[in-house]
Amino acid sequence: LNIKIDNILKRTHSFFPRNMVKILFVAIPLVLVFMIVNIFLKRSDEKKFLSNTRLSVIDKELKIACNYMEKNFRDPELSVNSICDAIVTGPAFLEILFNNELGMSIDDFLTQVRMNRALDIIKKEKSIKIDDLILRIGFTSNNDFFNSFEKVTGMSFSEYRRSQELQ
């Protein structure tokens with residue numbers, strides 16, 4: 001390398017002072033390294049922006065879907081497709097979003113919303129009839145309600161009612 005540099009120095013001596021060429025041989029690679037690092041940093045910033053933008057869109061979609069379900073849980077026809085139609089998104093995207101962000105399916109989330117409301121109603125209206133309760137929270141069959149209730153609370157509806165009477 002020194003031999004090549006010396007040869008170049010001999011040929012360029014007439015144009016540049018000897019020390020100037022050495023400085024250029026050091027400076028040019030440093031400038032190139034700086035430019036490459038700068039390019040990667042800019043790409044990293046762009047990826048951060050895209051991921052932050054993507055996250056805000058995901059958060060927005062998720063919030064819209066959750067709010068829609070919380071407002072319309074009484075509708076017995078509420079389904080994944082009707083939710084997607086209302087908020088203008090695809091069922092596959094929304095299912096993945098719920099599973100990734102909340103760790104549950106859309107149907108499980110809807111069931112949770114309905115059960116939370118059922119528990120609130122039962123606490124306020126201790127003598128409510130089961131058929132009235134089921135209609136008020138959007139279930140269409142007693143069996144679906146009882147199965148969901150036990151799945152969410154870990155006890156049967158009658159066990160839960162007895163525990164509430166004792167309190």
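pLDDT is the predictor's confidence in each residue, from 0 to 100, and it is a handy guide to the views below of this predicted model.

**View 1. Confidence along the protein chain.** Averaged over the protein chain, pLDDT comes to 80, and 71% of the residues reach 70 or more. Helix H6 has the highest confidence, with a mean of 94, whereas helix H1 (residues 2–12) has the lowest, with a mean of 58.

**View 2. Residues 44–52, a stretch to treat with care.** Here pLDDT stays under 50, and the model has 0 contacts beyond four places in sequence for these residues. Where pLDDT is low, the predicted coordinates should not be read in detail.

**View 3. The largest nonpolar core.** This core has 31 residues, and those touching the most other members are Met-69, Leu-94, Phe-98, Leu-133, Ile-137, Phe-145 and Phe-149. At least two core residues come from each of the helices H2, H3, H4, H5, H6, H7 and H8. Helix H5 gives the most, with 9 residues.

**View 4. Phe-145 and its contacts.** Zooming in on Phe-145, and leaving aside neighbours within four places in sequence, you will find Met-115, Ala-118, Ile-130, Leu-133, Ile-134, Ile-137, Phe-139 and Phe-157 in contact with this residue.

**View 5. Helix H3 packed with helix H4.** The axes of H3 and H4 are 9 Å apart and meet at an angle of about 105°, which means that H3 is roughly perpendicular to H4. From H3, Val-80, Asn-81, Ile-83, Cys-84 and Ile-87 meet Pro-91, Leu-94 and Glu-95 of H4. The residues of this contact comprise 6 nonpolar, 1 polar and 1 charged.

Key. Residues numbered from 1 in each chain as written. Predicted model: local features only at pLDDT ≥ 70, side-chain atom pairs only at ≥ 80, totals over all residues. Heavy atoms only, no water. Core = buried A, V, L, I, M, F, W, Y, C linked by side-chain atoms within 4.5 Å. Buried < 20%, exposed > 50% of the residue type's maximum accessible area, 1.4 Å probe, protein only. Helix = DSSP H or I, 4+ residues; strand = E, 2+ residues; numbered from the N terminus. Contact = heavy atoms within 4.5 Å. Axes fitted to C-alpha atoms, helices over the stretch in contact; angles between N-to-C directions. Parallel < 35°, antiparallel > 145°, perpendicular 65-115°, else oblique. Nonpolar A, V, L, I, M, F, W, Y, C, P; charged D, E, K, R; others polar.
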